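User: I have a chain here that I want to go through before I plan anything. Can you walk me through it?

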Amino acid sequence: MKRLILLITLFITGATFAQIEKPSEGTIYEVGFMPNLDGAQMFALDGNHITRRTFNDANSVTRWKAHFSYVDIDGMDDAAMTLGLQYGKEKHHDGSDRLATFTGWQAGLLYADDGADDATVLNGGVFVGANYYIANNLYIGTEISYNLVVGEDSTIVTPGVNGMLSIGFKL
């Protein structure tokens with residue numbers, strides 16, 4: 001246990017004093033994960049989306065977010081599936097050497113089939129977020145969003161504040 005604490009301390013100290021540069025060009029990929037806030041697995045990956053962020057310059061990012069989930073429960077006749085694609089833009093603001101703050105918008109199309117019903121909806125929204133770079137081209141981030149979903153039978157407006165974090169990395 002003492003060795004584990006020593007290793008974590010050395011990692012945090014090294015990451016704290018390392019020279020980190022926020023990217024201003026290239027492509028970064030991002031996946032979401034959920035810290036254990038409500039009894040789920042510790043840092044369970046949220047496997048239903050991956051985001052591709054392309055830096056146009058230091059202040060502008062184009063992003064594509066693809067959603068996919070498939071659940072087949074034993075005893076149920078039909079499986080549930082969700083597919084989606086969103087396009088968005090981010091405007092990055094001045095932050096510190098490691099903290100990148102941004103605002104933006106995204107819009108897209110989502111298809112869901114729960115076995116009994118299926119629906120296609122248009123969704124879009126605005127967001128504000130922050131990414132903290134722990135190493136060059138590696139960050140942990142979060143977003144707060146306000147979303148609008150327009151479907152065949154309903155229109156839903158939702159604020160999006162949750163414990164979801166993302167980890168981004170450059171290949």
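Analyst: One term to start with: a residue counts as buried when its relative accessible area is under 20%, as exposed when that area is over 50%, and as partly exposed in between. Keep in mind that this is a predicted model.

User: Fine. Which helices and strands does the protein have, and how do the elements run from the N terminus on?

Analyst: There is one helix, together with nine strands. From the N terminus on, the order is α-β-β-β-β-β-β-β-β-β.

User: How much of the protein counts as buried?

Analyst: 26% of the 171 residues. The accessible surface comes to about 11,100 Å², and carbon and sulfur atoms account for 62% of that surface.

User: And what share of the contacts joins residues at least 24 apart?

Analyst: 49%, taken among contacts between residues at least 6 apart in sequence.

User: Switching to charges. How many salt bridges are there?

Analyst: The count comes to three. One of them pairs Arg-53 with Glu-90, with the closest N and O atoms 2.6 Å apart. This pair links distant parts of the chain, since Arg-53 sits in strand 2 (residues 44–57) and Glu-90 in strand 4 (residues 80–93), 37 residues apart.

User: Is Arg-53 buried or exposed?

Analyst: Arg-53 has a relative accessible area of 0%, so it counts as buried. Glu-90 is buried as well, because its relative accessible area is 4%.

User: What else does Glu-90 form a salt bridge with?

Analyst: Arg-63, where the closest N and O atoms are 2.9 Å apart. Arg-63 belongs to strand 3 (residues 60–71) and Glu-90 to strand 4, so this pair ties together parts that are 27 residues apart in sequence.

User: Why does Arg-63 count as buried?

Analyst: Because its relative accessible area is 1%, and the cut-off for buried is under 20%.

User: Which side chain meets that of Arg-63 in the remaining salt bridge?

Analyst: That of Glu-143, at 2.7 Å from N to O. Glu-143 is in strand 7 (residues 138–150) and Arg-63 in strand 3, so the parts tied together here are 80 residues apart in sequence. Through shared partners, the salt bridges join Arg-53, Arg-63, Glu-90 and Glu-143 into one network.

User: I was also looking at Thr-51. Where is it?

Analyst: Thr-51 is in strand 2. With a relative accessible area of 0%, Thr-51 counts as buried.

User: What is Thr-51 in contact with, leaving aside its neighbours within four places in sequence?

Analyst: Ile-28, Tyr-29, Glu-30, Arg-63, Trp-64 and Lys-65.

User: Now the surface. Which residues gather in the patch of negative charge?

Analyst: Asp-78, Asp-114, Asp-117, Asp-118, Glu-152 and Asp-153. Asp-114 is placed in the loop between strand 5 (99–113) and strand 6 (118–135).

User: And which residues make the nonpolar surface patch?

Analyst: Trp-105, Leu-109, Leu-122, Val-126, Tyr-146, Leu-148, Val-150 and Val-157 make a patch of about 740 Å². Strand 5, strand 6 and strand 7 each supply at least two of its residues.

User: Which strand gives the largest share?

Analyst: Strand 7, with three residues.

User: What is Trp-105 in contact with, apart from neighbours within four places in sequence?

Analyst: Tyr-87, Gly-88, Lys-89, Gly-125, Val-126 and Phe-127. Val-126 is itself one of the residues of the nonpolar patch.

User: How are Trp-105 and Tyr-87 placed relative to each other?

Analyst: They are 18 residues apart along the chain, and their C-alpha atoms are separated by 8.5 Å.

Note on methods. Residues numbered from 1 in each chain as written. Predicted model: local features only at pLDDT ≥ 70, side-chain atom pairs only at ≥ 80, totals over all residues. Heavy atoms only, no water. Helix = DSSP H or I, 4+ residues; strand = E, 2+ residues; numbered from the N terminus. Buried < 20%, exposed > 50% of the residue type's maximum accessible area, 1.4 Å probe, protein only. Contact = heavy atoms within 4.5 Å. Areas by Shrake-Rupley, 256 points an atom, 1.4 Å probe, with all protein chains shown as cover. Patch = residues over 30% accessible without salt bridge, like charges linked within 9 Å, V, L, I, M, F, W, Y side chains within 5 Å. Salt bridge = Lys/Arg side-chain N within 4 Å of Asp/Glu carboxyl O. Lys, Arg positive; Asp, Glu negative; His and termini not counted. Charge placed at Lys NZ, Arg CZ, Asp CG, Glu CD.
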